Amino acid sequence: MIEVQNIRKGFGEKIVINDVSAVMEDGKCNLIIGASGSGKTVFMKCLVGLFKPDKGSILYDGEDFTAMDDASRKEIRKKIGMLFQGSALFDSLTVEQNVQFPLDMFTNWTLGERRKRVQEVLERVELKDANKKYPAEISGGMKKRVGIARAIVLNPKYLFCDEPNSGLDPQTSMVIDKLIQELTREYNITTVINTHDMNSVMEIGDKIFYMYKGDKEWEGTNKEIIFSKNQRLNDFIFASEFLRDAKDMRMLEQTGKIDNNRNMDDLIR
Amino acid sequence: MKFIQEFGRYILMLKEMFSKPENRKVYWKEFMHQCNDIGIGSLGIVVIISVFMGAVSTLQTAYQLVSPLIPKSSIAQIVRDTVLLEFAPTLVCIVLAGVVGSKIASELGNMRVSEQIDALEIMGINTKTYLILPKIVAALLVIPMLIVISAGLGIWGGRLAGQAAGIISTTDFDKGLLNSFLPYNVFFAMVKAYVFSFIISSVPAFYGYYVQGGALEIGRASTKSVVVSCVLILFADYILAAILL
């Protein structure tokens with residue numbers, strides 16, 4: 001579990017994160033949503049220690065990450081896996097070598113054991129026949145899978161995903177979302193996801209934090225979000241006519257007043 | 001003010017570079033990779049420059065030595081000392097600042113911009129130790145070797161050109177090479193080689209590591225690192241000559 005207590009982060013005069021508190025639970029997909037510039041990425045970078053908050057604490061299973069010395073922080077970081085927006089794969093290494101890199105660095109396993117683990121993880125993310133390819137030779141969706149494989153190869157306790165669906169088609173986005181959700185449940189990982197994707201919000205948002213101009217504006221689940229009365233949240237989430245209609249349908253569905261025979265034609269009008 | 005800030009940041013980068021490696025084998029592999037990239041990768045251009053540099057030195061020295069009172073073997077002496085004292089260490093290092101320096105700056109800059117450095121940080125790796133230290137140590141090992149090769153090839157190029165142009169026979173050239181040879185000059189050349197190697201590797205690493213922005217900034221950082229390295233090499237060249245000669 002990750003507990004964030006009143007963190008604040010600014011750059012010069014500008015306050016980007018303003019006294020945000022949150023609890024990210026184990027075995028759940030915790031989504032951070034918000035418009036561009038709302039402070040999501042800075043918030044996540046504070047969580048993983050790439051930025052030091054000006055104020056407040058971040059507790060990883062009760063241990064204060066912000067007050068630790070470098071050696072203890074390194075130990076926590078070994079339990080963290082992260083999928084970056086652009087995948088951040090090492091260009092000079094093949095897919096297999098990218099996934100093997102954390103094992104090479106942090107384990108004393110034999111080469112055979114490391115290769116076996118790499119194969120297991122690549123199979124888990126359903127990546128076949130790409131082991132010897134370089135990042136430049138594979139598609140965006142495949143890069144994300146490799147990124148996920150690299151992030152989970154050391155069995156992390158915490159998984160961070162920065163916009164895992166950016167640049168992907170809707171179908172691939174769904175596959176990546178499902179994969180992250182399955183891994184979260186399977187290994188009881190605390191997963192934190194930064195996203196703009198409303199599909200992800202509805203499909204895998206076990207817990208959602210809505211950020212607005214550096215503040216946490218709303219918190220709830222994907223079941224609760226459609227009933228939210230928060231105007232800013234509604235304006236952000238249900239920005240289009242199509243999404244507003246979809247929300248109405250989901251509300252009807254959940255209150256038991258939906259006609260199950262209604263199809264997409266009704267929705268599209 | 002900006003210069004002081006940048007210099008302070010550079011010193012801090014060098015200080016933070018020294019930490020215990022997470023895994024010696026992986027660091028060794030990276031070090032060997034850098035030795036290959038910097039050494040073997042630059043060997044071709046060093047060979048070409050050195051041979052022509054020596055050859056031109058012989059021709060131009062002969063052109064200026066018009067007095068019949070000066071023995072022909074003096075040409076070899078002048079070529080030897082010019083190549084040893086200045087051409088091999090300084091000229092080659094200025095070329096390497098372009099070849100190796102721009103590569104280091106753009107490689108690290110690209111890693112920074114594409115979040116590969118962040119990915120390593122999150123894994124718990126000291127990125128300065130893993131990415132910068134092997135480059136500097138590799139440069140300190142292989143660039144002096146390249147300078148030695150360059151000095152040898154420069155003198156050989158001069159000998160070859162002297163014979164081909166009918167200016168000086170190989171016997172006279174070899175005789176001249178041994179006349180009034182000062183081993184201290186070799187020591188001086190090696191001191192220069194180590195100082196310049198450090199500049200060539202650490203300055204571009206600094207500019208590449210701290211790049212902010214996108215592709216345009218990587219290009220700018222790469223250019224700036226080459227310019228600053230060249231200026232520092234020339235400045236260090238003067239200081240070393242003033243102190244050691």
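Tutor: The contact takes 15 residues from chain A and 13 residues from chain B. The coordinates come from a predicted model, and the description below should be read accordingly.

On the side of chain A that touches chain B, the elements giving two or more residues are α2 (70-77), β6 (80-83) and α3 (95-106) of chain A. Of these, α3(A) gives the most, with four residues. By class, this side of chain A divides into ten nonpolar residues, one polar residue and four charged residues.

Strand β3 (residues 29-34) of chain A pairs with strand β8 (residues 190-195) of chain A in the parallel sense, over five bridges. Within that pair, Leu31(A) has Ile193(A) in β8(A) as its bridge partner. Strand β9 (residues 207-212) of chain A, by contrast, pairs with β10(A) in the antiparallel sense, again over five bridges. Here Tyr212(A) stands opposite Asp215(A) in β10(A). The two strands β9(A) and β10(A) form a hairpin with two residues between them, and Lys213(A) in the turn has a positive phi of about 45°. In general, the strands of a sheet pair through backbone hydrogen bonds, either parallel or antiparallel.

Chain A also holds an open sheet of four strands, in the order β2-β1-β4-β5 (chain A), with antiparallel pairing. Its edges are β2 (14-24) and β5 (63-64) of chain A; each has a single partner strand, so one side of each is left without a neighbour in the sheet. Strand β4 (residues 55-60) of chain A is joined to β5(A) by two bridges, and the two run antiparallel. In this pair, the bridge partner of Tyr60(A) is Glu63(A) in β5(A). Helix α1 (residues 40-48) of chain A lies across β1 (2-11), β2 and β4 of chain A, and runs at about 60° to β2(A).

The axes of helix α5 (residues 140-152) and helix α6 (residues 170-187) of chain A come within 10 Å and cross at roughly 10°. With that crossing angle, α5(A) and α6(A) are therefore roughly parallel to each other. Gly141(A), Lys144(A), Ile148(A) and Ile152(A) make the contact from α5(A), while Thr172(A), Ile176(A), Leu179(A), Ile180(A) and Leu183(A) make it from α6(A). By class, this contact has six nonpolar, two polar and one charged residues.

Helix α5 (residues 127-164) of chain B has 38 residues, which at 1.5 Å a residue should span 56 Å; its end C-alpha atoms are 52 Å apart, which agrees. Along its course, α5(B) bends by about 30° at Leu133(B), and a proline, Pro134(B), follows within four residues. After α5(B) comes Gly166(B), whose phi is positive, near 70°.

Note on methods
Residues are numbered from 1 along each chain as its sequence is written. Chains are lettered from A and ligands numbered from 1 in the order in which they are written. This is a predicted model: local features need pLDDT of at least 70, side-chain atom pairs count only at pLDDT 80 or more; totals for chains, interfaces and linings use all residues. Two residues are in contact if their C-beta atoms, placed from the backbone, lie within 7 Å. Ala, Val, Leu, Ile, Met, Phe, Trp, Tyr, Cys and Pro count as nonpolar, Asp, Glu, Lys and Arg as charged, and the others, Gly among them, as polar. Two strands pair if DSSP finds at least two bridges between them. Axes are lines fitted to C-alpha atoms, for helices over the stretch in contact, and angles run from 0 to 180 degrees between N-to-C directions. Angles under 35 degrees count as roughly parallel, over 145 as roughly antiparallel, 65 to 115 as roughly perpendicular and the rest as oblique. The expected span of a helix is 1.5 Å times one less than its number of residues. The bend at a residue is the angle between axes fitted to the seven residues ending there and the seven starting there.
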